[in-house]
Amino acid sequence: METQIGCGANQLFKRVGTFLRKCLFRVLSVGEIPNHIAFILDGNRRYARKHNLAVEAGYRAGFVSLLSILKYCSEMGVKHVTIFAFSVDNFKRRPHEVQCVMDLMLEKMEVLLKEENVVKQYGVRICFIGSLKLLSEPIRIAAEKVTKATAKNTRTVIFICMAYSSGNEITHAVQHSCIDKLENHSQARKHAKTHDDVNECVEEHEKEGTTMVKLEDVEKHMCMRVAPDPDIIIRTSGENRLSNFLLWQTDSCVLYAPAALWPEIGLWHLVWAVINFQRYHSYLEKKRKQLILPQEQFFTPTISSDCCKQTLKR
Amino acid sequence: MLSSRVNIAIPNTLLQAKPSPFRYETGFRRPFSPRRLQVRAGSASGVAFKEEEEQRRLSSDGVSVAGDSPEYDIPETLRRELMPKHVAVIMDGNVRWARQRGMPSGAGHEAGVRSLRQLVEVCCRWGIKVLTVFAFSYDNWIRPQVEIEFLMSLFERVIKSEIEIFKREGIRVSVIGDSSKLPESLQKLVHDAEESTKENSKFQLIVAVSYSGKYDVVQACKSIAQKAKEGVIGLEDIDESMIEQELETNCTEYPYPDLLIRTSGELRVSNFLLWQLAYTEFFFVQTLWPDFGIEDFTEALTSFQQRQRRYGGRKS
């Protein structure tokens, strides 16, 4: 009987909490809601140490926080969320810790696949970004299945960066830009019929820019071109660095580093980050429009490299 | 030296750093120091005090003679062996500083030059090997022509007035960025300054003018594409190390900043050194650039020396 009353009270508190949260988000939406928030999930191991828990428990607590934050973002109307789940540099950690993270990711992906209807109800699409070839086959296969299962959802897009680093991403983009330009160059030479034509043809192509590398060429080969640039990056645990995450995409992004460890992150951190973003938004928007830089050129190319495996459609 | 962005309407400069009412951090951590409230509140008396001190210290040729001043000794709270090798600074807030005092923007930039001079001296004294400053962004070319002309002439004046000191003090000067957009006279001055100081090795000052992090990567990519076209390298050889060698920061032994400081309270990187900032520690401070002094710098270095840098690994 007491248990039933307790459960009933819990349900009531939950509903009241949800209602108040929605009211808060309504107020926030008077200003601009960020289109894309990126998170660096730092502090799971420190959280475990702080509470005398095993490392695995820290990561699990971090996963619970992740679900809450994703829920809040979705309720607030944030269309894109990127999370830095595992860096290429994280492979330097102890094998046991790496295995912990991999096992947890596989476990949660399998749960996602079982709870497909719940995910569909929230309208969440999940994409994986990174050098997936560095991951084990079960994880790669699970990632592909999750991407396919959620491909038709449209409310919120979650990019999970695994085995990712900006260095890798930019290197890949540079390499493929060079491949493209060399191909254009050799096409230019092929089209020429005489020796004199060759130079003229190449010069003409250079004038048109088809053989010279430009900013757009590099950008179109970035893995994260499938999303708009983040409006906010939140890194927990008070560390003030990007750690090779989205370096290319965060040139005019607001950086926010609360001292809380990732499993301790709460609604108020998110709200504060959004309020700070709203303070700067109109200025940054004005500046963005003044610049002749392609800010929102996301389209639907086929991704053919090891960097990103899936084709993403708008 | 120069503000790397246009003015904004958000009045944040007179707000004092104080703990958030929600017990959460309001941004990147800035240690709260009551002394800063007294000296750096932007009050007229505070400004007058600072300007008087500056006048007293500056000699007639515009060079600080505080080289032997005990004020420039390394503070006891800092450890020389933990000094960053390379510090990068986004010198933001000159125009806001001038507006607060009812002065024209140019006065703010001139004041910013004085702050830069002091920082160069302090870095030399404290064992920092490289200082990179974001003087003028590639994105700043959209600013009003009058302001751009003033800034270009300021650059020329500063180079002319400081070059002998750099030569004498063993300071190497390098300028990174798209110099093709600079006036020819400035391009020549820059080239001469770089040539005449290239053998200096005590300290390196890298000035980013008409620079953007994305431009740097694209020009590296162009260079690599050219080498691939000529058959010097194979496409499969393109890796992170090759890109690093082609970036404009290849002019220094320490291309990756250990610490990035941005003044005036803005919490973003603004297209500065994107590739090179992968594991750089950030320090954001409310102080406007012309007011940035030894105390703020000490605070930034203290914060830096307390940080644990793991580079993705685990601190054992």
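Modeller: Contact here means heavy atoms within 4.5 Å. By that rule, 55 residues of chain B are in contact with 62 residues of chain A. Keep in mind that this is a predicted model.

Biologist: How do you know how much area chain B and chain A bury between them?

Modeller: The size of an interface is often given as the accessible area lost when the parts come together. For chain B and chain A the figure is about 5300 Å². Carbon and sulfur atoms carry 61% of it.

Biologist: What makes Glu219(A) and Lys214(B) a salt bridge?

Modeller: The cut-off is 4 Å between a side-chain nitrogen of Lys or Arg and a carboxyl oxygen of Asp or Glu. The closest N and O atoms of Glu219(A) and Lys214(B) are 3.4 Å apart. The pair therefore counts as a salt bridge. The count between chain B and chain A is two salt bridges. There are also eleven residue pairs in polar contact between these chains, both residues being at pLDDT 80 or more.

Biologist: Which element gives the most to the side of chain B that touches chain A?

Modeller: α7(B), with nine residues. The elements giving two or more residues to that side are α7 (213-229), α8 (240-246) and β6 (281-284) of chain B.

Biologist: Now the rings. Why is the pair of Phe84(A) and Tyr164(A) called edge-to-face?

Modeller: Two values decide. Ring centres must lie within 6.5 Å, and planes over 60 degrees apart count as edge-to-face. Phe84(A) and Tyr164(A) are 6.0 Å centre to centre, with 90° between the planes. So the label holds. The pair links distant parts of chain A: Phe84(A) is in strand β2 (residues 80-87) and Tyr164(A) in strand β4 (residues 156-164), 80 residues apart. Both Phe84(A) and Tyr164(A) are buried.

Biologist: Why is the pair of Phe292(B) and Phe297(B) edge-to-face?

Modeller: Their ring centres are 6.3 Å apart and their planes meet at 65°, so this pair is edge-to-face. Phe292(B) and Phe297(B) belong to one aromatic cluster with Trp126(B) and Trp289(B). Over all chains, the search finds 14 aromatic pairs.

Biologist: What makes Phe292(B) and Phe297(B) buried?

Modeller: Buried means under 20% relative accessible area. Phe292(B) has 2%, and Phe297(B) has 1%. Both values fall under the cut-off, so both residues are buried.

Biologist: How do you know that Lys181(B) lies over the face of Tyr138(B)?

Modeller: NZ of Lys must be within 6 Å of the ring centre and within 35 degrees of the ring normal. Lys181(B) is at 5.0 Å from the ring centre of Tyr138(B), and lies over its face.

Conventions:
Residues numbered from 1 in each chain as written. Chains lettered and ligands numbered in written order. Predicted model: local features only at pLDDT ≥ 70, side-chain atom pairs only at ≥ 80, totals over all residues. Heavy atoms only, no water. Phe/Tyr/Trp six-rings, centres within 6.5 Å; stacked < 30°, edge-to-face > 60°. Helix = DSSP H or I, 4+ residues; strand = E, 2+ residues; numbered from the N terminus. Buried < 20%, exposed > 50% of the residue type's maximum accessible area, 1.4 Å probe, protein only. Buried area = accessible area lost by both parts, 1.4 Å probe. Polar contact = N/O pair within 3.5 Å; in protein donor to acceptor, adjacent residues only side chain to side chain.
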